[in-house]
Amino acid sequence: MSKATIIVHSGDMDKLYSALIIGNGALAMGMDVSLYFTFWGLMRLKKGGLEKGALSRMNFLGLGKWMIKKQMKKANVRSLEGLFRDFRELGGKVIACDMTMEIMGIKKEDLQEDLITDYGAVGTYIKEAKESDITLFI
Amino acid sequence: MSTIEVDCVGETCPVPLVETRKAIRKASPGDIVEVTGTHPASKQEIPMAVKELGLELVGIEEEDNLWKIKIKVR
C-alpha cells in the first residue's frame, strides 16, 4: 500500500490545518499515513492545546486568527479536533517525538494521549519515510 | 446488500472525501454508498478516491449544483 509521512514541526493553526487536511485526504485515497509531531507541533498535542496556535502570518496579536476562524465557521470548515478524530478513525497514525518531550519537559500525562498512537524518534521517521511515496515537513 | 447514504450537503474540503471513506470502511462487499453534496471539488475527487481504492463508480448525477455519487463496495 502507498504511504504518506508528514512531520508536523509547526504549531501554527493554519499549518496544523494543512497537515490534518492532507493527512485525511491521503487516508481517504486509501494511503497509510503517519503524522510525526515535533517541537512546536507537539505543543499542540498538550491537553487543551489543539486550537491554541497562532496564524503563521498576519496573526496581528490574535485578531487575524479571530477573523480567519470567523470565515472558517462561515464556510463550515471542520474544527481541528474534528479533523483529528477523523484522522484517527480512518486509521491514521500519530507519533509524538520523545526528544521534544524530554527537552520541553512534557510528560505523557500532559499530552492528549487518546490522540497519540506511538512515541518515537528520528529512526522511526526515517524508516517510515523510506517506504513512503509522499513525505512532507510542515 | 444495503444502501448507505452519506449527506455532505453544505460541507467543504476535506469532509465529503473523509465521510465517504468512513462509509466505505463500514460497508460490506456489495453495498452501495450514496454520497450527496454541494462542494464542487469533491465531485471530482470522490471518483478519484473510488478509483484509487479499486471500487466501482456506479454513477454521478448532478442537478442545480447538488451532486450524487454512487459507489459499489467490493
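**Figure 1. Helix H1 of chain A and helix H1 of chain B are oblique to each other in this predicted model.** The axes of H1(A) and H1(B), the latter helix covering residues 15-26, come within 9 Å and cross at roughly 40 degrees; axes here are lines fitted to C-alpha atoms, for helices over the stretch in contact, and angles run from 0 to 180 degrees between N-to-C directions. The pair is called oblique because angles under 35 degrees count as roughly parallel, over 145 as roughly antiparallel, 65 to 115 as roughly perpendicular and the rest as oblique. The crossing of these two helices is left-handed, a term used if the near helix is turned anticlockwise from the far one by less than a right angle, with right-handed used if it is turned clockwise. On the H1(A) side the meeting residues are Asn24(A), Gly25(A), Leu27(A) and Ala28(A), and on the H1(B) side they are Leu17(B), Val18(B), Thr20(B) and Arg21(B). By class, this contact has 4 nonpolar, 3 polar and 1 charged residues, where Ala, Val, Leu, Ile, Met, Phe, Trp, Tyr, Cys and Pro count as nonpolar, Asp, Glu, Lys and Arg as charged, and the others, Gly among them, as polar. Residues are numbered from 1 along each chain as its sequence is written, while chains are lettered from A and ligands numbered from 1 in the order in which they are written. Since the model is predicted, local features need pLDDT of at least 70 and side-chain atom pairs count only at pLDDT 80 or more, whereas totals for chains, interfaces and linings use all residues.

**Figure 2. The side of chain A that touches chain B draws on helices H1 and H4 of chain A.** In total, 14 residues of chain A are in contact with 14 residues of chain B, two residues being in contact if their C-beta atoms, placed from the backbone, lie within 7 Å. Helix H1 (13-28) and helix H4 (80-89) of chain A each supply at least two residues of this side, and the largest share, 5 residues, comes from H1(A). Sorted by class, the side of chain A that touches chain B has 7 nonpolar, 4 polar and 3 charged residues.

**Figure 3. Within chain A, helices H1 and H4 are roughly parallel to each other.** The axes of H1(A) and H4(A) come within 10 Å and cross at roughly 30 degrees, and H1(A) passes H4(A) in a left-handed crossing. From H1(A) the contact takes Leu16(A), Tyr17(A), Leu20(A), Ile21(A), Gly23(A), Asn24(A) and Leu27(A), and from H4(A) it takes Leu80(A), Leu83(A), Phe84(A), Asp86(A) and Phe87(A). These residues divide by class into 9 nonpolar, 2 polar and 1 charged.

Figure 4. H3(A), residues 63-74, has 12 residues and reaches 17 Å from its first C-alpha to its last, close to the 16 Å expected at 1.5 Å a residue; the expected span is 1.5 Å times one less than the number of residues in the helix. For comparison, most residues other than glycine have a negative phi.

**Figure 5. Helices H1 and H2 of chain B pack at an angle of about 35 degrees.** Their axes are 9 Å apart, with H2(B) covering residues 40-52, and H1(B) passes H2(B) in a right-handed crossing. Pro16(B), Leu17(B), Thr20(B) and Arg21(B) of H1(B) meet Ser42(B), Glu45(B), Ile46(B) and Ala49(B) of H2(B), a set of residues that divides into 4 nonpolar, 2 polar and 2 charged.

**Figure 6. Two loops of chain B hold Pro14(B) and Asp64(B), respectively.** Asp64(B), in the loop between strand S3 (56-63) and strand S4 (66-72) of chain B, has a positive phi of about 50 degrees although it is not a glycine. In general, most peptide bonds are trans. Helices (H or I, at least four residues) and strands (E, at least two), here as in the other views, are DSSP runs numbered from the N terminus.
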